[in-house]
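Visitor: I have a model open and want to learn how to read it. Where do we start?

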Amino acid sequence: MVLVYSEKENIAYELLNKGRELADKLGRKLIAVVIGGDKDLAKNLIAYGADEVVVIKSPVSSFKAEEYADILKQVVEEKSVETILIGSTKNGKELASRLSGILKTGCIIDAVDVYLEDNKVYTKRVVYSGNAVALQGFNSKPAIVTIPPRLIDPLPRDDKRKGEIEEKEYKVKPSSSSIVKITEMQTDSVNVEEADIIVSCGRGFKNKEDLKLAEELAEALKGKTIGCSRPIAADLKWLSEDHWIGLSGHKVKPKLYIAVGISGQIQHIAGMRDSGIVVAINKDPDALIFKSADYGIVGDLYEVLPKLTEVIKEKLG
Amino acid sequence: MKIIVCAKQVVDASEMKIDPNTKKPILAGLERKVNDIDKNAVEEAIKIKEKHGGSITVITVGESDARERLKELLAMGADEAILIPADGDYNVITELLAAAIKKIGEYDIILCGEASTDMFSGQVGPRLAGLLGIPQITYAHTLTVEKDKVIGERNLGDKSVTIESTMPVVVTVTKEINEPRLPSLMQILGSANKPIHEWSGESLGVTPKSMVETISLEGVSMKRKNIVFEDASDENIEKLVDNLLKEGVVG
Ligand SMILES: Cc1cc2nc3c(=O)[nH]c(=O)nc-3n(C[C@H](O)[C@H](O)[C@H](O)COP(=O)(O)OP(=O)(O)OC[C@H]3O[C@@H](n4cnc5c(N)ncnc54)[C@H](O)[C@@H]3O)c2cc1C
Ligand SMILES: Nc1ncnc2c1ncn2[C@@H]1O[C@H](COP(=O)(O)O)[C@@H](O)[C@H]1O
């Protein structure tokens, strides 16, 4: 059996496409798991490719890795699951990792490709901050793989597909941890991953207000998308985390990436190495970012940005 | 309070070159260092010890030459280190860590980094928690330790989830949780007397096998033009914009 699980509905649909491919090749059934969800979701999962949906009715509410891993373990054992695909959110990663510890089996986080050869599961994943891709294979069952969001398109929805919905109740060992508070964080709902032109801001900016210099440039370029390095989002919180680019942030591939006041540490480069043309603006002539740039200007961003915006406006009209 | 920090020795990926003929990354001769975020984990351990007393043990599974780098963590403030020379996948690493932790016996908090800079999985912390059957708090960007409970805020990007847990517990920390201290000269000298134990899988009674095999590594090189204008004169800015127009990436 092949099992897919994500606490995010849209990611579960994406996983079902890959799960379908693996299940058909292996001649096995494709199971989707819903924890604490409703029947409508189960029907949708069938329409997107599942043969069977296990709806867990156990008394767990919010996501807790301890309890969710306990549930998945029971499904895996009951259904003799051999391949498990989990959505690579932060929750998904800690769930997959914990489950692999409980089952003492292999687990690969953030696979960018999953395929079969002689019924064995192989994956590719990016390692060394983007300097290499590792090809890995499983020597154990079940094989647990997490797949990042938006890597795979879902199959076209087919409401005529038939599948089984099974409601289940498992005994779950209650976790000795509890959620005491959930705070929604502000987001700007930007999608840097789809952007054509990104002006990206680093710690070279002295104040939050100064980011408008980057916004003005982005506007003149009709790109409008602002990105940033980790400290701008995570430490200073000048921008919401949907702007964050890098190893632990978003991976982007615009045709033009302008890095302003960013030093060019490898963890930042990991998120923008697939960009078309890279421009760097930095006052330090030895800044690493120039090694990862097509064009660079050594200069103070407070001088360069207004001038650059002006010239762009002149030339683009 | 007994605090255990799992620290990894990583290669410095920013120094990595790709062999132009084989297209493989060149790993030989690359400098190794302590995984950046594991220093945040040690710093957090020191803060907990400052508040509650107790001791800090650092464990690393890795090359036998890791001693030098373990000394850095002892100089920061860890009390002792355990080196388990071994090589293997995450099953091997976590089975060895778990066996060492069981040998230590009593423990309250196990700290790991959110992820290692070379492999970037974030697998070891939660995997170890599963193996030991204890709760976990991952991606903690704040941590408050009280006498009988631990409260951490998990940064999930779109929301922050505050978790309260009993001990023992595994906590994985983010880079933002603190600023790791630089040890003073006195501390560096003082750390020479702190013990670094070497334990093996056999002595711990486990011989775990790799469940995931790395078959090959393909280098990914990045070619850039590296045309750098040395100052921000009007002329240079004009030239830059003309180049961008020529590349067809603006307008
Ligand atoms: C596991 C891990 C994951 C990470 N993930 C990410 C990630 O996803 N994304 C990320 O970005 N980072 C990430 N980091 C952090 C990364 O290592 C760097 O610390 C970070 O990218 C630095 O951000 P910065 O370039 O904005 O700041 P700094 O390194 O402080 O650089 C600021 C730059 O601005 C320049 N400057 C200063 N003033 C001016 C001025 N007036 N005009 C022009 N230039 C000026 C300086 O010369 C300097 O080069 C990660 C780190 C770790 C350990
Ligand atoms: N070989 C190792 N020895 C000790 N701790 C490790 C080892 N590998 C990973 N860790 C810990 O697990 C964290 C996450 O690593 P990873 O799962 O590789 O991303 C690191 O920040 C360390 O705290």
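Guide: Start with one residue pair across two strands. This is a predicted model. A:Val126 has A:Val133 in strand 8 of chain A as its bridge partner.

Visitor: Which strand is joined to strand 8 of chain A by six bridges, and how do the two run?

Guide: Strand 7 of chain A, residues 120–127, is joined by six bridges to strand 8 of chain A, residues 132–138. They run antiparallel. Another pair to look at is A:Tyr122, which stands opposite A:Gly137 in strand 8 of chain A.

Visitor: How many residues lie between the strands of that hairpin, and which residue there takes a positive phi?

Guide: Four residues lie between strand 7 and strand 8 of chain A. A:Tyr128 has the positive phi, near 50°.

Visitor: Is strand 8 of chain A mostly covered or mostly open?

Guide: Mostly covered. Six of the seven residues in strand 8 of chain A are buried. Buried means under 20% relative accessible area.

Visitor: Which strand of chain B does strand 8 of chain A meet?

Guide: Strand 14 of chain B. Seven bridges join the two, and they run antiparallel. For one pair, take A:Ala134, whose bridge partner in strand 14 of chain B is B:Leu217.

Visitor: How do I check the length of a helix?

Guide: Compare an expected span with the distance between the end C-alpha atoms. Helix 1 of chain A, residues 9–26, has 18 residues and should span 26 Å at 1.5 Å a residue. Its end C-alpha atoms are 25 Å apart, which agrees. For helix 3 of chain A, residues 65–78, the 14 residues should span 20 Å, and the ends are 20 Å apart.

Visitor: How many residues of each helix are buried?

Guide: In helix 1 of chain A, 13 of the 18 residues are buried, so the helix is largely enclosed by the rest of the structure. In helix 3 of chain A, 11 of the 14 are buried, so that helix is largely enclosed too. The buried residues of helix 3 include A:Glu66, A:Glu67 and A:Asp70, as well as A:Ile71 and A:Leu72.

Visitor: What should I look for just past a helix end?

Guide: Check phi. Just after helix 1 of chain A, A:Gly27 takes a positive phi of about 65°. Just after helix 3 of chain A, A:Ser80 takes a positive phi of about 50°.

Visitor: Is B:Cys112 buried or exposed?

Guide: B:Cys112 is buried, with a relative accessible area of 3%. It is found in strand 8 of chain B, residues 109–113. The C-alpha atoms of B:Cys112 and B:Ala7 are separated by 6.9 Å, though the residues are 105 apart along the chain.

Visitor: And chain A as a whole?

Guide: Chain A has eight helices and 16 strands. Of its 317 residues, 61% are buried. Its C-alpha atoms fill a box of roughly 65 × 45 × 40 Å along the principal axes.

Key. Residues are numbered from 1 along each chain as its sequence is written. Chains are lettered from A and ligands numbered from 1 in the order in which they are written. This is a predicted model: local features need pLDDT of at least 70, side-chain atom pairs count only at pLDDT 80 or more; totals for chains, interfaces and linings use all residues. Side-chain values use heavy atoms; hydrogens and water are left out. Two strands pair if DSSP finds at least two bridges between them. The expected span of a helix is 1.5 Å times one less than its number of residues. Buried means under 20% relative accessible area, exposed over 50%, partly exposed in between (1.4 Å probe, protein chains only).
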